Structures are given as structure tokens and as C-alpha cells.
Amino acid sequence: MTTAKIKLRITTCVKPNRLILKYLKCIVSDVKTYSDVNYEVIERKKLTIKNLFEEDTTPVMVIQQTGVVLYTSVENKIFYHENTTRVKYKAYITGNHVPPLIELIQDDSINTDIIIDATTGMANDLILMALTMENSIFYAFEDNFYIHFAIKWGVHFYFNVLEKNKIDISRIHFIYGSVVNHMGILNQADVIYLDPMYEETVVTSNIASLVNVVTHDIESDRKLLNTIFEHFKGKVILRAHFKSSLIRDYQFTMNVRKQTKTHYGYRYL
Ligand SMILES: C[S@@+](CC[C@H](N)C(=O)[O-])C[C@H]1O[C@@H](n2cnc3c(N)ncnc32)[C@H](O)[C@@H]1O
């Protein structure tokens, strides 16, 4: 059986400058390394996003001055956005508030040289960890190609062009796929973070574009957790809806937060 290839179109803004053309070149040479992706570079000319979808529904990545955006349709786009990260980080450095994920990651009993984010999504948690854990190396897994590719290049553009040098991006390795297929990396790390798609539908503006392209599968969450429980030694951190069956079934200790429906928990393996 042959599986259908993932299709992607790549283009620029209407008036690309040298920087945009340089990014186009880098993105094209990168996309070539994905064996299951069929890509096509299209000349933007004066076409609007609506025009781009008139005769072809293939998702299109647009490299523009404000960032890298991947349109899965005229209405739905995936792009890296700092969201509440700046506010959370500011509260952290001024000593006002330690975000619950960071509280669990900063654990003197574990080695945090290598941190795995098993469910990268829009990378908000990943970037918060990278900002606060300045000496760690990150492996960021995402098994939806469009999210992976848009966020990988969105984060690159953001921290190399828009917010220059705030983070050394070379510390973050974006990997398309699931950590279950990367045992070598799983064995190297002592801490792994998981934020699988919510079992209860919690649609916030941040994950709205994710919800539109990801079909959530609780069985795949269980496969991920089963593999981790079988092969991983260290601290597993889980973010989950307070009613999630994963908390009970895998015996996570949850730090309950009164104001929100999602809680963070951990378990040492
Ligand atoms: C709730 S989102 C994560 C949000 C993320 N923590 C953030 O800050 O933006 C879950 C993401 O994990 C991805 N995902 C789910 N199961 C996965 C798996 N087994 N391996 C890799 N990615 C997975 C989904 O495609 C989705 O993009």
C-alpha cells in the first residue's frame, strides 16, 4: 500500500526583499529533506490568499515580513505567535510568578540538560521553557506536518529576525513525528513534557487553528504514554484537563489550579 504524500505550496509576500528570498531558499532546501512531502514553489505575483485557493486547495506557506504563515485554507492559518509568553516570562523574571510548568521543570533532583517536548503544537510552552531554562537543549516533537513545519520556521523567523537573539534557536531541535519513534532521544533525556490535545473540548484562541487541523485521538495519547512508561526513566510532566482519564490511569500527581480547567501533573519513572 502506498500512502498519499503530504502536499505543500510555498510562496512569498507580494514584494519579497532579499531577506524573504533568503528564507525561501532555506525553507525549500529544508522541505526537500522530508521524503513524504511533495512541494511546489509558486510565484506570488499580485495574487491574494483567496486567489491562491481558487483553483488549488493545497496548503500554502507564505514567507512575509511579519513572519512565516501556513494557510491550510483561506480562513485557517498556522503561525508562531508569542501569545501570553512575554507576559508570563516578564512575571517570572521580576519574581512575581513562576509558571506552573516551569515550577515542575526546575527540579534539583533531575538533570535538565535535555528536555523533550513530546507535543509541541504552537510552541508556547516550548518557548517559555527555552526562555527560562537557558542551558537546556530541547527536542520538540510534533506529528502533524503542517503544524511542525509552520512552527519550526515561524519560531526561526521570529527569533532570528523579529526578536533577534532573545533565544539561541540552535538549542531547539524541531522533529516531525512522535518521540515513540525516536528511542535514542527518549533514552538521553531525564525530563519529558506532554500536552496532548484536550479530551474535553477547550477551544481558546491559541489552539483554535490547531483544533481545525488536528483530529484528536485518545488512543494515540495512550500509545505515547505507554511507550514512555515502558522505556523512559526520569520525570514526566503532563498538562491535562482536570477530568482527563490519563491522570487517573497513569497515576499522575496533579498540582490543582483553582482558576483553570487544565492542570499540570508529574510522575517520576
Ligand atoms: C494541545 S497541543 C500542544 C500545545 C503546546 N503545549 C503549546 O504550548 O502550544 C497538542 C499538539 O500535540 C500534537 N501531538 C499529539 N500527539 C502527538 C504525538 N504522539 N507525537 C507528536 N505530536 C503529537 C498535536 O498534533 C498538537 O499539535
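Biologist: By class, which residues make up the shell around the ligand?

Modeller: The shell has nine nonpolar, six polar and four charged residues. Here Ala, Val, Leu, Ile, Met, Phe, Trp, Tyr, Cys and Pro count as nonpolar, Asp, Glu, Lys and Arg as charged, and the others, Gly among them, as polar. This is a predicted model, in which local features need pLDDT of at least 70 and side-chain atom pairs count only at pLDDT 80 or more, while totals for chains, interfaces and linings use all residues. Residues are numbered from 1 along each chain as its sequence is written, and side-chain values use heavy atoms, with hydrogens and water left out.

Biologist: How far is the polar side-chain atom of Asp 195 from a nitrogen atom of the ligand?

Modeller: That distance is 2.7 Å. For Ser 178, an N or O atom of the side chain is 3.5 Å from a ligand nitrogen. Asn 124 instead places a backbone N or O atom 3.2 Å from a ligand oxygen.

Biologist: Turning to Thr 112, where is it found?

Modeller: Thr 112 is in the loop between α4 (100-105) and β6 (114-117); helices (H or I, at least four residues) and strands (E, at least two) are DSSP runs, numbered from the N terminus.

Biologist: Is Thr 112 buried or exposed?

Modeller: Thr 112 is buried, at a relative accessible area of 17%; buried means under 20%, exposed over 50%, partly exposed in between (1.4 Å probe, protein chains only).

Biologist: And how many residues of α6 are buried?

Modeller: The count is 14 of 18, so α6 is largely enclosed by the rest of the structure.

Terms used. Polar contact = N/O pair within 3.5 Å; in protein donor to acceptor, adjacent residues only side chain to side chain.
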